[in-house]
Amino acid sequence: MMLSKKTKYVLLAALVLGLAVIYVPLLVVLLNSVNADTTFGWPPSGFTLEWWRRAAENEGVLRALVTSLEAGLAATAIALVLGMMAAFALQRYRFFGKDTVSLLIILPIALPGIVTGIALNNAFRTILGIDLGLFTAIIAHATFCVVVVFNNVVARLRRLGGNLEEASMDLGADGITTFRLVTFPMLRSALLAGGLLAFALSFDEIIVTTFTLGAGLQTLPIWILDNLFRPNQAPVVNVVAAVLIVVSTVPVYLAQRLSGDTASGGRL
């Protein structure tokens, strides 16, 4: 499609404006995490790592970090197993209600977080009689982390087809050997990309966590929310927010690189 020079400039300006609206506030948070001015005057009068030292010594931050890591890693592990199994079942087999099952698997990530949170809260406390805690938060996170892994694995299986697996079994390999030596190596990068994205989603989730995490427990996002309007905690909040930005960005970047390398013919 041919575009006039004026149209190109307008589209470029709109692109730059959109990116600025998204990323300039993130850059400000990163700069404020090393801003020596406790009132965060702009431009910064100087830079310091004092706030990072305080954050590293803050017991509440460290407990929240451990909780976030435990929830994220556990939810990711569950999502990898269930997401891969669901992807194989729906991609490799035909059965009645296949499209409905696929929709039900994908639906949790499309629902508003507050709806999912309230529903799971009621299910845990009223129907199942389970007290809220880290376990319930992990299960809640896994419900939408599964979707990310499922989508990655299904997309890879569609591109691969089943010819190599059929050839392996024709040569005498059983199902387990075929999966271990043929299927899994081809899915490895898709699983890693899905796992990284799932961990990033879990690590910075706040709405569902608010409804499913037990009393006395905090993840990093919830710690930020609880301390956001406390002036004496503002510098540490900026540091924790900066950590969240980095921890959320790196897995997404790695997942994008893994998906891109595989799509262009690379192998992990």
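## Salt bridges

How many salt bridges does a search of the whole structure find? The search turns up 4 salt bridges. Keep in mind that this is a predicted model.

One of the pairs to look at is Arg54 with Glu50, which form a salt bridge whose closest N and O atoms sit 3.1 Å apart. Both residues belong to helix H2, which covers residues 50–57. Arg54 and Glu50 are 4 residues apart there, or about one turn of the helix.

## Overall build

Now for the bigger picture. The protein has 11 helices and 0 strands, and reading along the sequence gives α-α-α-α-α-α-α-α-α-α-α. Taken along the principal axes, the C-alpha atoms fill a box of roughly 70 × 65 × 30 Å.

## H3 meets H10

Two packed helices are described by the angle between their axes and the distance between the axes. Helix H3 (residues 59–92) and helix H10 (residues 220–227) have axes that come within 8 Å and cross at roughly 145 degrees.

On the H3 side, Gly60, Val61, Ala64, Leu65 and Ser68 make the contact, while H10 brings in Leu220, Pro221 and Trp223.

## An aromatic pair in H8

Searching the whole structure for aromatic pairs gives 1. Phe199 and Phe203 form a tilted pair, at 5.5 Å centre to centre with 35 degrees between the planes. Why are these two residues about one helical turn apart? Because Phe199 and Phe203 are 4 residues apart in helix H8 (residues 175–203).

## A nonpolar patch on the surface

There is also a nonpolar patch on the surface, formed by Tyr9, Leu12, Leu15, Val16, Leu17, Leu19, Val21, Ile22, Tyr23 and Leu26. Together these residues have about 1,000 Å² of accessible area. Tyr23, one of the patch residues, is found in helix H1, which runs over residues 5–32.

Conventions
Residues are numbered from 1 along each chain as its sequence is written. This is a predicted model: local features need pLDDT of at least 70, side-chain atom pairs count only at pLDDT 80 or more; totals for chains, interfaces and linings use all residues. Side-chain values use heavy atoms; hydrogens and water are left out. Patches are made of residues with over 30% relative accessible area and no salt bridge: like charges are joined within 9 Å, nonpolar side chains (Val, Leu, Ile, Met, Phe, Trp, Tyr) within 5 Å. Accessible areas come from the Shrake-Rupley method with a 1.4 Å probe; for residues, only the protein chains shown count as cover. A salt bridge is a side-chain nitrogen of Lys or Arg within 4 Å of a carboxyl oxygen of Asp or Glu. Axes are lines fitted to C-alpha atoms, for helices over the stretch in contact, and angles run from 0 to 180 degrees between N-to-C directions. Contact means heavy atoms within 4.5 Å. Rings of Phe, Tyr and Trp (its six-membered ring) pair if their centres lie within 6.5 Å; planes under 30 degrees apart count as stacked, over 60 as edge-to-face and the rest as tilted.
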